[in-house]
Amino acid sequence: MLQHRQLDLCKSKDEKENEIMYLCRRMKLCGFLLKKGFNYEKIIADKYNPRYNCFKNTPELKNAVEEYYAQIK
């Protein structure tokens, strides 16, 4: 489990309203996930950044995020 970092989760406001997504706020992490074969589902804007990528929250995605943070330690 990610004990050192908490996953940023966001609810989709589309027709899949109950689906939980992973909000990726780091560009290098997004690149890592895209190289691993994950595709982002949507782009969300906030007051700091107009382009945050949201990925479908799956156990495989959580494992890839944990792998990324283990590599950068």
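Q: In which strand does Asn53 lie?
A: This is a predicted model, in which local features need pLDDT of at least 70 and side-chain atom pairs count only at pLDDT 80 or more, while totals for chains, interfaces and linings use all residues. Residues are numbered from 1 along each chain as its sequence is written, and side-chain values use heavy atoms, with hydrogens and water left out. Strands are DSSP runs of E with at least two residues, and helices are DSSP runs of H or I with at least four, numbered from the N terminus. Asn53 lies in strand β4.

Q: Does Asn53 count as buried or exposed?
A: Buried means under 20% relative accessible area, exposed means over 50%, and partly exposed lies in between (1.4 Å probe, protein chains only). The relative accessibility of Asn53 is 11%, and Asn53 therefore counts as buried.

Q: Which residues does Asn53 touch, not counting residues up to four places away in sequence?
A: A contact requires heavy atoms within 4.5 Å. With that exclusion applied, Asn53 touches Tyr22, Leu23, Cys24, Cys30, Tyr40, Lys42 and Ile43.

Q: Which residue in β4 is the bridge partner of Cys24?
A: Two strands pair if DSSP finds at least two bridges between them. Strand β4 (residues 52-56) and β2 pair in the antiparallel sense over four bridges. In β4, Cys24 has as its bridge partner Asn53.

Q: How many of the five residues of strand β2 are buried?
A: Strand β2 covers residues 20-24 and is largely enclosed by the rest of the structure. The reason lies in the count of buried residues, which is four.

Q: Within what arc do the buried residues of α1 fall, seen down its axis?
A: In helix α1 (residues 27-35), Leu29, Cys30, Phe32 and Leu33 are the buried residues. They line one face of the helix, because their arc is limited. The arc is that of the directions from the helix axis to the C-beta atoms. For α1, its value is 160°.

Q: Which residues are exposed on the other side of α1?
A: The buried residues of α1 have cover that includes β2, β4 and α2 (59-71). The other side of α1 carries the exposed residues Met27, Lys28 and Lys35.

Q: How many residues apart in sequence are the parts that Arg25 and Asp46 tie together?
A: A salt bridge is a side-chain nitrogen of Lys or Arg within 4 Å of a carboxyl oxygen of Asp or Glu. Arg25 and Asp46 meet in such a bridge through their side chains (3.7 Å, N to O). Arg25 lies in the loop between β2 and α1 and Asp46 in the loop between β3 and β4, so the separation in sequence is 21 residues.

Q: With which residue does Glu67 form a salt bridge?
A: Glu67 counts as partly exposed at 30% relative accessibility. In its salt bridge, the closest N and O atoms are 3.0 Å apart. The pair ties together parts that are 31 residues apart in sequence, because Glu67 lies in helix α2 and its partner in the loop between α1 and β3. That partner is Lys36.

Q: In what order do the elements of the protein chain run from the N terminus?
A: The secondary structure of the chain comes to two helices and four strands. Of the 73 residues in the chain, 32% are buried. From the N terminus on, the order is β-β-α-β-β-α.
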